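The following account is intended to be read with the sequence and the model side by side. Please display both before continuing.

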Amino acid sequence: MICSVNTMGVNGIQGSPISVECYISNGLPGFDIVGLPDAAVKEARERVRAAVKTSGMKFPSSRITVNLAPASLKKAGTHYDLPILLSIMSACGAIKRPKSSSAFLGEVSLDGQIRPISGVLPMAIAGKRAGFETIYVPAENAAEATLARGPAIIPVHTVRELVDALNGETTLEEEPIWVPEKCETTILDFKDVLGQENVKRAMEVAAAGSHNILLVGPPGSGKSMLSKRLPSILPDMTWEESLEVTQIYSVMGLVTAKSPLVMQRPFRSPHHTVSNAGLAGGGTNPRPGEISLAHKGVLFLDELPEFHKDTLDMMRQPLEDAQVTISRVSGTVTYPAEFMLVCAMNPCKCGWYGDPSGKCTCSEASVNNYRSRISGPLLDRIDIIIEVPSVNFEDLRRRKEAEPSAEIKQRVNRARERQHKRFGEFSGMCNARMGPEQLRTYCKLDEASETLMQQAFDAFGLTARSYDRILKVARTIADIEGSTQISAEHIAEAIQYRTVEL
């Protein structure tokens, strides 16, 4: 007898419907799973067999063949356990056949418990697209699955509980749609930073337009302190952005039943010993790396020259395309990677090159060697390069509270709202992501601005990419000031953010 049960698979963060077909025939007892299963899927045979027996049912002693269709797609993960179990028990007549409009997800334990799985949200969204009316998921994943806002989500605790419900002996309640609660979160505030007003202005501009920024200064000048406070002035996330980021975190198993939705922009700060795969993603079954986990948020690289040169250069393509493609023998996966790159570095190995204190002991060759660890093409992709000088004694002595993050964030939000109106509210576009067409349309310069740009282009030896990035930063400065046109003052401020020599 043949029985088919619906489930979903996930490739990257894209879910797709999968049909679990079971055929039971006469012959020597056996249990085979076909359809490109990985090791975790093949091991479902032992988990399913034990779960059936401990749930009070009899496992058929026949020839069992389970096919995961379409067979051309790689199947990975433990969420196939539950649909495999149901297809077998339905094929042998132990339970009623599940409805064709229902889908099932879940890992089964040896004692019949339904354990939580990763990647539920992208699979629930795929189920919504496929037209499924009901999706049965582990109870701990139910809140996350409701974020798809489509099919009815039924939480399940045990195999026995689900079997009784399918046989009509009991009923299972639908999970209500999860609604986020307002909670106070502790975020580092810019009011704690004394002095460095010019750097704060640069970070405000970077946050408003999602521009990449590099902070250069001696030890103790506040580079890390300023960078870690950047999330407090980033614009609020839209529902679409939260859903997109949550799908990535769901695949990685980083969401919880209490907080199934990522509502704050990510801030990722990997150590400089991070590997290529750790930063960009990879593995036998490719998983997202730090640049994808920083999607719609900040990737902070402290002590930038200490990172491996090839690891840094690997970011050049994602910075341009806002996505990363990982190719392996098993297939190709594309993850979104639209992040704001924030870097901090010392000007030399000892950290004091150019400081008025004269503490630097590095030779010119040593300084050049240290800075050469960062390639020119990568620097060309950074919109703002700002010097962070040592804090003056007077700023420390006064202890006057600086402008809080809440006030800066208001200006950032207003600037981002202007960008949403300009590019379309649901496009997710910001000034840093403008293409050639948008630059021609929204970054027109008057005669004074053109003259200033020409002088800067010749004086600093700018590239075409640097020219475009100055225009984008100037557009953001104009948005903060509430100006519809870019003026010479906006261009002048944008140019000063490209004059630091590295």
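α2 (residues 44-54) packs with α3 at an angle of about 60 degrees, and the axes are 10 Å apart; axes here are lines fitted to C-alpha atoms over the stretch in contact, with angles running from 0 to 180 degrees between N-to-C directions. The crossing is right-handed, that is, the near helix is turned clockwise from the far one by less than a right angle. A44, R47, V48, A51 and V52 of α2 meet D81, I84, L85, I88 and M89 of α3, where contact means heavy atoms within 4.5 Å. Helices (H or I, at least four residues) and strands (E, at least two) are DSSP runs, numbered from the N terminus.

This is a predicted model, in which local features need pLDDT of at least 70 and side-chain atom pairs count only at pLDDT 80 or more, whereas totals for chains, interfaces and linings use all residues. Residues are numbered from 1 along each chain as its sequence is written, and side-chain values use heavy atoms, with hydrogens and water left out.

Helix α3 (residues 81-91) also holds S87. S87 counts as buried because its relative accessibility is 0%; buried means under 20% relative accessible area, exposed over 50% and partly exposed in between, with a 1.4 Å probe and protein chains only. The S87 side chain reaches the backbone oxygen of I84 at 2.8 Å. Setting aside residues up to four places away in sequence, S87 touches C3, V5, V20 and C22.

The loop between β4 (63-69) and α3 contains P70, which is joined to A69 by a cis peptide bond with omega of about 0 degrees. Most residues other than glycine have a negative phi, and most peptide bonds are trans. L36, not a glycine, has a positive phi of about 60 degrees and lies in the loop between β3 (30-34) and α1 (39-42). A322 likewise has a positive phi, near 60 degrees, and is found in the loop between α13 (316-321) and β15 (323-328). L36 is partly exposed, at 43% relative accessible area, whereas A322 is buried, at 18%.

Finally, in helix α21 (residues 488-496), H490, I491, E493, A494 and I495 are buried. These buried residues pack against α7 (197-209), α19 (447-460) and α20 (464-481).

Note on methods. A polar contact is a pair of N or O atoms within 3.5 Å; within protein, one must be able to donate a hydrogen and the other to accept it, and residues adjacent in sequence count only if both atoms are side-chain atoms.
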